[in-house]
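Reader: Could you take me through this structure, with the cut-offs behind each term that you use?

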Amino acid sequence: MIFLKLFIVFSKIGIFNFGGGYAMLSLIHNEVVEKNGWLTASEFTDIVAISQTTPGPIGINCATYTGYTAVLNDGYPEWMAVLGAILASMSVLWLPFLLMLTISKIMLKYSKSRTMESIFSFLRPAIIGLIAAAAILLMSAENFGSPSDSTFQFIVSIILFLFAFFGTRIYKVHPILMILLCGLAGLLIY
């Protein structure tokens, strides 16, 4: 039963993925944390952080980790959890792959038409909204701490956030270097 649910959930996530991995984070969170309870909010935050530092798209990395964890937590042995990870990863890919094959043929034929330009002009704001929703989703107590629970952690988190934001935006520090600097700061502080 868990394998069928993984297939359905990640196929649905894959087909509604417009705008890349960050745009799909709120949909993944809703499905795997809120609806199915396969991950806790803290685990989801951890996998987003890990997915950003490991090779590969963030959506596939989240699917892999979720598939493994869901099957393992359902009482299956580790080798079955690996199958769950593979199934979830493939499920998030198969429908978009078929859709892109179909759309690419249409796009080659009608790429300069006003209809196609209109469709893309309406998709852009929706994608920006999905990415903004993912950013807001990640601004949680699990990531930043809470001023009432741990004032020190909250202040350090805000300072690191501002450092990373202004460092990459204003001073054009390379994102990989910024990740390493913030990781080093976290290691030294905590």
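Author: Let me begin with a pair of side chains: those of K35 and E31 meet in a salt bridge, N to O, at 3.4 Å, where a salt bridge is a side-chain nitrogen of Lys or Arg within 4 Å of a carboxyl oxygen of Asp or Glu. The model is a predicted one, in which local features need pLDDT of at least 70 and side-chain atom pairs count only at pLDDT 80 or more, while totals for chains, interfaces and linings use all residues. Residues are numbered from 1 along each chain as its sequence is written, and side-chain values use heavy atoms, with hydrogens and water left out.

Reader: By about how much of the helix are K35 and E31 separated?
Author: Both residues belong to helix α2, helices being DSSP runs of H or I with at least four residues, and strands runs of E with at least two, numbered from the N terminus. Because K35 and E31 are 4 residues apart in that helix, their separation is about one helical turn.

Reader: Which residues do the salt bridges that share partners join into one network?
Author: The side chain of E31 also meets that of K12 in a salt bridge of 2.8 Å, N to O. This pair links distant parts of the chain, 19 residues apart, with K12 in helix α1 (residues 2–15) and E31 in helix α2 (residues 21–35). A search of the whole structure finds 2 salt bridges, and the network joined through shared partners consists of K12, E31 and K35.

Reader: Is E31 buried or exposed?
Author: The classes rest on relative accessible area, computed with a 1.4 Å probe on protein chains only: under 20% is buried, over 50% is exposed, and anything in between is partly exposed. On that scale K35 is exposed at 53%, and K12 is partly exposed at 32%. E31 has a relative accessible area of 4%, so the residue counts as buried.

Reader: Which helix supplies the largest share of the lining of the largest pocket?
Author: A pocket is an open set of points on a 1 Å grid over the protein atoms alone, where a 1.4 Å probe fits, with protein on both sides within 12 Å along at least five of seven lines, and its lining residues have an atom within 4 Å of a point. The largest pocket has 35 lining residues, with Q52, L138, F144, F161 and A164 nearest its centre. At least two lining residues come from each of α2, α3 (41–53), α6 (114–138), α7 (141–144), α8 (151–169) and α9 (175–189). The largest share, 9 residues, is supplied by α8.

Reader: What is the C-alpha separation of W38 and D74?
Author: W38 is found in the loop between α2 and α3 and, at 8% relative accessibility, counts as buried. Leaving aside neighbours within four places in sequence, W38 is in contact (heavy atoms within 4.5 Å) with residues including I2, F10, V32 and T66. D74 lies 36 residues from W38 along the chain, and their C-alpha atoms are separated by 9.1 Å.

Reader: Which residue's backbone oxygen lies 3.4 Å from a polar atom of the side chain of N61?
Author: N61 has its place in helix α4 (residues 58–73) and counts as buried at 16% relative accessibility. Beyond neighbours within four places in sequence, the contacts of N61 are I47, S51, T54, P55 and G56. The backbone oxygen at 3.4 Å from the side-chain polar atom belongs to S51.

Methods:
A polar contact is a pair of N or O atoms within 3.5 Å; within protein, one must be able to donate a hydrogen and the other to accept it, and residues adjacent in sequence count only if both atoms are side-chain atoms.
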